[in-house]
Amino acid sequence: RRFLHFEAASTEPQRYMGQKSSKSKKSLKSENSSSSKRRKSRRVKNEETSSEPVVADVAPTKTKKAKSRKRAESFSMRKLESLFDEYKEDVDVDNELEEEIIGLDGVERFLVDLELELDDPVVLVLSFHLSAEIMGEFTKEEFVEGFSTLRLDSIEAIKNKIPEFRNELNNEDDLRAIFKYTFSYYKEDEKVRSIDLETATELIQLLLKDRPHVDKFCKFLLEQESYKVINQDQWVSFLEFSLTVNEEFDGYDLDGAWPVMMDEYVEYCEENH
């Protein structure tokens with residue numbers, strides 16, 4: 001699946017990041033069966049580990065505090081739940097019960113209201129903070145718990161937070177967490193341990209576009225013939241490689257603990273100057 005491959009009623013599916021490839025991509029709407037299975041799995045997990053619901057609004061205090069404190073104290077759970085209701089749709093989970101979610105259309109409207117493009121990496125940062133499990137949708141639990149933790153209860157409040165979300169991609173620790181999350185988010189199924197190379201290169205370019213080795217490594221992945229997919233170890237290792245090894249390969253140790261794929265990438269660069 002591809003997150004944000006929205007499909008209009010009478011048009012062809014939009015291409016992720018506008019890639020000009022002859023290979024047709026699956027839209028999220030064609031993944032109903034897989035999503036349904038993951039919803040059912042999530043529902044069973046939630047039933048086994050049910051917890052107390054979040055209750056009531058946070059009552060504002062009358063004392064004057066710092067701006068950040070005031071913003072937290074003015075947070076309203078009621079407003080946040082109303083915001084979720086603006087975008088939600090009811091989904092029948094295997095004909096057993098209905099789970100409130102923001103589906104494809106709702107996610108698209110939500111991002112439009114936030115003035116975010118569909119291929120903006122901040123969308124992945126948002127999904128990370130909401131701990132979203134299925135691409136192209138947010139459950140009520142994910143949406144409410146995620147934004148309540150951030151103390152955001154309106155479109156305006158979320159929009160004001162976007163510059164901070166964007167800056168997280170420039171913080172190495174935050175980037176590591178988001179990058180690792182993205183791998184799990186884009187897997188076809190919980191049991192799958194890898195993602196295809198086309199998806200991997202798109203995501204690497206999206207999240208790391210100006211960092212060292214990105215263009216060369218993506219070219220290497222698409223030209224080599226030894227690998228058809230990339231696993232999580234190779235995925236996170238490339239990020240570390242990009243963060244610690246410069247374009248002249250200072251910091252690279254041939255006897256280091258890099259996956260074989262990274263050693264082969266270095267050889268590829270040497271052969272192709």
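1. Helix α11 covers residues 232–244, and its 13 residues should span 18 Å at 1.5 Å a residue; the end C-alpha atoms lie 18 Å apart, which agrees. The expected span is 1.5 Å times one less than the number of residues. Helices are DSSP runs (H or I, at least four residues), and strands are E runs of at least two, numbered from the N terminus.

2. This is a predicted model, with local features needing pLDDT of at least 70 and side-chain atom pairs pLDDT 80 or more, while totals for chains, interfaces and linings use all residues. Residues are numbered from 1 along each chain, and side-chain values use heavy atoms, without hydrogens or water.

3. Buried residues of α11 include Trp235, Phe238, Leu239 and Phe241; buried means under 20% relative accessible area (1.4 Å probe, protein chains only). Among the elements covering the buried residues of α11 are α8 (172–186), α10 (214–223) and α12 (260–271).

4. Gln234 sits in α11 and is buried, at 10% relative accessible area. Beyond four places in sequence, Gln234 contacts (heavy atoms within 4.5 Å) Tyr227, Val229, Pro259 and Met261.

5. The largest nonpolar core has 69 residues, of which Phe110, Phe143 and Phe147 touch the most other members. Such a core is a set of buried Ala, Val, Leu, Ile, Met, Phe, Trp, Tyr and Cys residues joined through side-chain atoms within 4.5 Å. Leaving out residues up to four places away, Phe143 touches Leu80, Leu83, Phe84, Ile102, Phe110, Leu130 and Phe138.

6. There are zero disulfides (cysteine sulfur pairs within 2.5 Å) in the structure. Cys218 is buried at 2% relative accessible area, and Cys269 is buried at 9%.

Technical notes. Buried < 20%, exposed > 50% of the residue type's maximum accessible area, 1.4 Å probe, protein only.
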